[in-house]
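Student: I have a model open and want to learn how to read it. Can we go feature by feature?

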Amino acid sequence: MSLSSLFTLLFPHLVDLRIDDVYRAGLSVRIVASTRAEDAACPVCATRSQRVHSRYVRRLADTPVSGQEVLIHLGVRRFFCDVPACGRRIFAGQVPGLTVPHARRSRGLSDVLAGIGMALGGRAGARLAARVAAAVSRMTLLRQVRAEREPEVCVPRVLGVDDFALRKGHVYGTLLVDAQTRRPVELLPERSAQALKEWLIQHPGVEVVCRDRAGGYADGIAQGAPEAVQVADRFHLWQNLAAAVERAVARHRRDLPRTTPEPAPTTPPAESPGIRQGPLAERTRRRHRQVHNLLAQGRTITEIVGELDLARNTVRRFARAATAEELLAHDGTGKRPRRLERYDAYLRERFAHECTNAVVLWDELQQQGYGEAMRACATTSAPGAASQCLRPNPPSRPPSVRSPPGSSATPTTSNTSSNSSSKLYSELVPNWLVSASVFRASLA
Ligand SMILES: [Zn+2]
């Protein structure tokens, strides 16, 4: 392969130029070149002209070669446009595939920078561009992206329509998507039937429109593309289905069978009620005995501290207590008794009579002398029925459209066992469950 063939292969955009010199300057490679064409076309009237006005040198940054920056010193000519009706009198000749009017980068380098900016955005794109293409600022990359021509809008056969929030709760726009290629087609600045209608009139050919169940878009489609078939999209079908199932189950909640409360776990009786057992209690009794024996022998507190190797305050506390039982906790658990536990038997009885309303129970306890606040009553960690029946039910989350109605969308209440509710659920909505399985299969 000859050198000229290699040059043609590697630099196709320079083939039409006359290369006068190539030299290295620092870290960059400079190419001195000029155009060969004798004439050029006016950019306004497209009439070719040979009458030269002047010459000048453009400096163009080109795509790097082997990691080296390339700068082209391109000699170009200005021409007169002699067409009387044309508004342009003088214009500069361009090199197809290499130059763009007023640009200081070659078309190839501009395309590379636009691609990097499109993929990475400003800051990250600028960091990558400095390594692989050219050192440019993030704003230059963004300008390059904005200067790109928008692709031609191809009218899709199946159009997806949905709204999106520019500012949630305040400003909404409309997103149009090609439902077959899943590529966005257009963003409309507002969520209105009028905007959709105008777009459909300007872009005829849509056969199917997939949308949510709101009436606004339906009107816009009916006016803009009356022959198009309107279908509800899968996302909103799921959303509406979940809401309908929730309403149905809530409506029949009274028919759900109530469950009987589980018997409270029986705790094994203590060996001797009222007397605390365990190693800690035994050690307390032993020390109390030792301290009082030494006191009876006439020892002082200081001598007892040295003899038993205990803290002074500990010895004083043992000396003040007449019996070891005074030093021990009362319930044998080591925990302070909670005030609600005194009403445990009463609460169990009320719970057995199906009174589980925390407000009602708290009111009844107030009449019996319970002085704690409602919050303390409802969040107490007392064992037994007291905490079970007074703890408020956790708020149920609304069903997600991503979760099938047969699983997490099933509402759970404290009065309903999961088995009975799911059985009733299946009886209420057998057809919906079939639909759900079909949808789930289509989603997979
Ligand atoms: Zn002209």
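This is a predicted model: local features need pLDDT of at least 70, side-chain atom pairs count only at pLDDT 80 or more; totals for chains, interfaces and linings use all residues.

Student: What is the order of the strands in the open sheet?

Tutor: Follow the pairing across the sheet. The order is β10-β9-β8-β11-β12, 5 strands in an open sheet with mixed pairing. Strands β10 (183–188) and β12 (229–232) are the edges, and each pairs on one side only. From one strand to the next, the twist averages 30°.

Student: Which strands does helix α5 lie across?

Tutor: Helix α5, residues 193–202, lies across β8 (158–167), β9 (171–178) and β10. Its direction is at about 125° to β10.

Student: Which residues of helix α6 are buried?

Tutor: Start with the general idea. An α-helix has 3.6 residues a turn, so residues three or four places apart point the same way. Now the case here. Helix α6 spans residues 215–224, and Tyr217, Gly220, Ile221 and Gly224 are buried in it. Viewed down the axis of α6, these buried residues fall within an arc of 95°, so they line one face of the helix.

Student: Which residues have the most contacts inside the largest nonpolar core?

Tutor: The general idea comes before the list. In soluble globular proteins, nonpolar side chains tend to be buried together. Here the largest nonpolar core has 20 residues. Ala33, Ile72, Leu113, Ala129 and Leu141 have the most contacts inside this core.

Student: Which elements give two or more residues to this core?

Tutor: The strands are β2 (28–35), β5 (52–65) and β6 (68–80), and the helices are α2 (107–120) and α3 (122–132). Strand β6 gives the most, with 4 residues.

Student: Now backbone angles. What is the phi of Arg182, and where does Arg182 sit?

Tutor: Most residues other than glycine have a negative phi, and most peptide bonds are trans. Arg182 has a positive phi of about 60°, although it is not a glycine. Arg182 is in the loop between β9 and β10. With 8 C-beta neighbours inside 10 Å, Arg182 counts as exposed.

Student: Is Asp309 buried or exposed?

Tutor: Asp309 is exposed, because it has 7 other C-beta atoms within 10 Å. Its phi is positive too, near 55°. Asp309 is in the loop between α9 (301–308) and α10 (312–320).

Student: How many helices and strands does the protein have?

Tutor: There are 16 helices and 12 strands. Of the 444 residues, 19% are buried. Among contacts with a separation of 6 or more, 53% join residues 24 or more positions apart.

Student: Where does pLDDT stay under 50?

Tutor: The average pLDDT is 79, and 77% of the residues score at least 70. Over residues 379–395, pLDDT stays under 50, and the model has 35 contacts beyond four places in sequence for that stretch. Residues 403–444 also stay under 50, with 51 such contacts.

Technical notes: Residues are numbered from 1 along each chain as its sequence is written. pLDDT is the predictor's confidence in each residue, from 0 to 100. Two residues are in contact if their C-beta atoms, placed from the backbone, lie within 7 Å. Two strands pair if DSSP finds at least two bridges between them. Axes are lines fitted to C-alpha atoms, for helices over the stretch in contact, and angles run from 0 to 180 degrees between N-to-C directions. A residue is buried if 20 or more other C-beta atoms lie within 10 Å of its own, exposed if 12 or fewer, and partly exposed in between; C-beta atoms are placed from the backbone. The arc is that of the directions from the helix axis to the C-beta atoms. A nonpolar core is a set of buried Ala, Val, Leu, Ile, Met, Phe, Trp, Tyr and Cys residues joined through C-beta atoms within 7 Å.
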